Amino acid sequence: MSAPTPTLHRRKKATNLSVDDSLLQTAKRLNLNLSQVFEAGLIEAIRRCQREEWLQQNRAALDAYNEHVEKHGVFSDRLRSF
């Protein structure tokens with residue numbers, strides 16, 4: 001479930017993007033590296049989507065486990081002294 005992380009050795013591919021002009025001007029004024037900002041944001045968006053996808057795919061199992069724990073507790077309940 002891990003998304004790729006940017007590295008110096010990763011192959012890059014040129015692409016065209018449309019950006020709000022005022023955002024672009026502010027980014028230039030702040031000397032932001034747009035490629036790095038884009039990659040960081042894309043990585044985060046991919047992680048969020050993958051997490052949501054995983055939760056959807058595993059919802060039935062998670063619900064079943066939670067129901068089991070509600071009814072029977074967890075294995076360590078009998079072993080804990082606190």
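## A tour from the α1–α2 loop along helix α2

At 37% relative accessibility, Asn33 counts as partly exposed in this predicted model, and selecting this residue places you in the loop between α1 and α2.

Next, select Asn31, which is found in the loop between α1 (21–29) and α2 (34–72). Its phi is near 55 degrees, a positive value in a residue other than glycine, and Asn31 is exposed, with a relative accessible area of 69%. Most residues other than glycine have a negative phi.

Turn now to the salt bridges, of which a search of the whole structure finds 4. Begin with Glu39 and Lys12, whose closest N and O atoms are 2.7 Å apart. Glu39 lies in helix α2 and Lys12 in the segment before α1, so this pair ties together parts that are 27 residues apart in sequence. Glu39 is partly exposed at 22% relative accessibility, whereas Lys12 is exposed at 52%.

Moving to another pair, select Glu44 and Arg48, which form a salt bridge with the closest N and O atoms 3.9 Å apart; both lie in helix α2, 4 residues apart, about one turn of the helix. Glu44 is partly exposed at 37%, while Arg48 is exposed at 51%.

Asp63 is partly exposed at 40% relative accessibility, and Arg59 is partly exposed at 38%.

Notes
Residues are numbered from 1 along each chain as its sequence is written. This is a predicted model: local features need pLDDT of at least 70, side-chain atom pairs count only at pLDDT 80 or more; totals for chains, interfaces and linings use all residues. Side-chain values use heavy atoms; hydrogens and water are left out. Helices (H or I, at least four residues) and strands (E, at least two) are DSSP runs, numbered from the N terminus. Buried means under 20% relative accessible area, exposed over 50%, partly exposed in between (1.4 Å probe, protein chains only). A salt bridge is a side-chain nitrogen of Lys or Arg within 4 Å of a carboxyl oxygen of Asp or Glu.
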